[in-house]
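Here's a quick tour of a protein model, written for someone new to reading structures.

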Amino acid sequence: MNIKLPRMLFGDELTKTLSVYPPYSHEILKEGPAERLLALSSIYDVFIPSAASAEIYTKLYLACHRALEKKGSVMEVRQYGENRRRMMQAESHGIMGGSDSFSILAPSGYGKTTSISRAVSVISHNQILTLNKPTRRIIPVLSVECPHDCSLKALLYSILRGVDAYLGSEYYTDAVRSRATVDQLIGAVSSVAMANLGLVVLDETQNVLYHKNGVGLIHGITEIINHSGISIALVGTPDAAVFLEKAQQLARRSLGLQYERLAYDDYFRQLCTELF
């Protein structure tokens, strides 16, 4: 099955495409204080990509591309059978793998969520991929948040709701109606992800540090990776790195991008110049 994302961008072309500059008119200078203050809020829409933004875009693109390559493969057909066995509460095995999963860790306020959002919009053009033989629709990138209580069931439901929001399907309703167990849900979500998802971005991963259910959630994420073949990007603060490194099942998959606080360098000066 030949699946093509929009062309991968590099260099100045990528920087220009990622950038967001809201329209500005000097006519605003003639308006009153209230109108000028309201117009000033558009400054929050400005996005000036950094080197980290380019790295995040490249990482997300390659992970999504690799996951899409597995669609329609012989392994995928075999994995559907394994997932059905799991949904029937029988022993199953993950054969798809998910070596393209990784982490993006940076301090709060760094701009990682905004950078990811811009990268996703450029990668997917905010469109659903429609494929034939067999007919299916694929969401290139789906973003969800790690539950504050680290409930695996809540995360699985969140993924199903996200897919339903894009595709108009009823996976979430069907799962709730069936009163599926967590193991059955893992099988169901893995099959849905295999058919309809390329990459899942799991934000606020540092929540696993502060709840006793964190270990169970990490184990569940690993199961989804192994049973779906999709890529999962674990996004959070640098604090999460220690936990992820200790989780042997995720250690090799949690390698990725890690950033410290922004320095007062050329990029910071460029940012100030553009804003003012």
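Leaving aside residues up to four places away in sequence, Gln 206 touches Val 235, Gly 236, Thr 237 and Ala 240. Keep in mind that this is a predicted model. Its protein chain has a mean pLDDT of 83, with 83% of the residues at 70 or more.

**Starting point: Gln 206**

- You'll find Gln 206 in the loop between E4 and H9.
- Is Gln 206 buried or exposed? Its relative accessible area is 10%, and buried means under 20%, so Gln 206 counts as buried.
- Gln 206 and Asp 239 sit 33 residues apart in sequence, yet their C-alpha atoms are 6.5 Å apart in space.
- Two of the residues that Gln 206 touches, Val 235 and Gly 236, belong to strand E5, which covers residues 231–236.

**The whole chain**

- The protein chain has 12 helices and 6 strands.
- Out of its 276 residues, 47% are buried.
- Take the contacts between residues at least 6 apart in sequence: 81% of them join residues at least 24 apart.

- Among the elements, helix H1 (residues 11–18) has the highest mean pLDDT, at 95, while helix H11 (residues 248–251) has the lowest, at 56.
- Watch out for residues 92–96, where the pLDDT is below 50; in the model this stretch still has 22 contacts beyond near neighbours in sequence.

**The sheet**

- What order do the strands come in? The 6 strands form an open sheet that runs E2-E3-E4-E5-E1-E6, with mixed pairing.
- E2 (129–131) and E6 are at the edges and have a single partner strand each, so one side of each has no neighbour in the sheet.
- Helix H8 packs on the sheet, where it touches E3 and E4, and its direction makes about 120° with that of E3.
- As a bit of background, strands of a sheet pair through backbone hydrogen bonds, either parallel or antiparallel.

- E5 is mostly covered, with 6 of its 6 residues buried.
- From E5, Ser 231, Ala 233 and Val 235 point one way and Ile 232, Leu 234 and Gly 236 point the other way.
- E5 pairs with E4 in the parallel sense over 4 bridges, and Ala 233 in E5 is the bridge partner of Val 201.
- E5 also pairs with E1 (residues 102–105), again in the parallel sense over 4 bridges. Here Val 235 in E5 is the bridge partner of Ile 104.
- Ile 104 has a bridge partner in E6 too, namely Leu 257; E1 and E6 (residues 257–258) run parallel and are joined by 2 bridges.
- E1 is covered on both faces: Phe 102 and Ile 104 are buried on one side, and Ser 103 and Leu 105 are buried on the other.

**Helix H6**

- H6 (residues 152–167) has 16 residues and spans 23 Å from its first C-alpha to its last, close to the expected 22 Å.
- Its buried residues include Leu 152, Leu 155, Leu 156, Ile 159, Leu 160, Val 163 and Leu 167.
- What do the buried residues of H6 pack against? They pack against strands E3 (136–145) and E4 (197–203), plus helices H7 (171–178), H8 (182–196) and H9 (214–228).

**Positive phi angles to look for**

- Cys 150 lies in the loop between E3 and H6 and is buried, with 1% relative accessibility.
- Arg 179 is another residue other than glycine with a positive phi, near 55°. Arg 179 lies in the loop between H7 and H8 and is exposed, with a relative accessible area of 75%.

Key. Residues are numbered from 1 along each chain as its sequence is written. This is a predicted model: local features need pLDDT of at least 70, side-chain atom pairs count only at pLDDT 80 or more; totals for chains, interfaces and linings use all residues. Side-chain values use heavy atoms; hydrogens and water are left out. pLDDT is the predictor's confidence in each residue, from 0 to 100. Contact means heavy atoms within 4.5 Å. Buried means under 20% relative accessible area, exposed over 50%, partly exposed in between (1.4 Å probe, protein chains only). Two strands pair if DSSP finds at least two bridges between them. The expected span of a helix is 1.5 Å times one less than its number of residues. Axes are lines fitted to C-alpha atoms, for helices over the stretch in contact, and angles run from 0 to 180 degrees between N-to-C directions.
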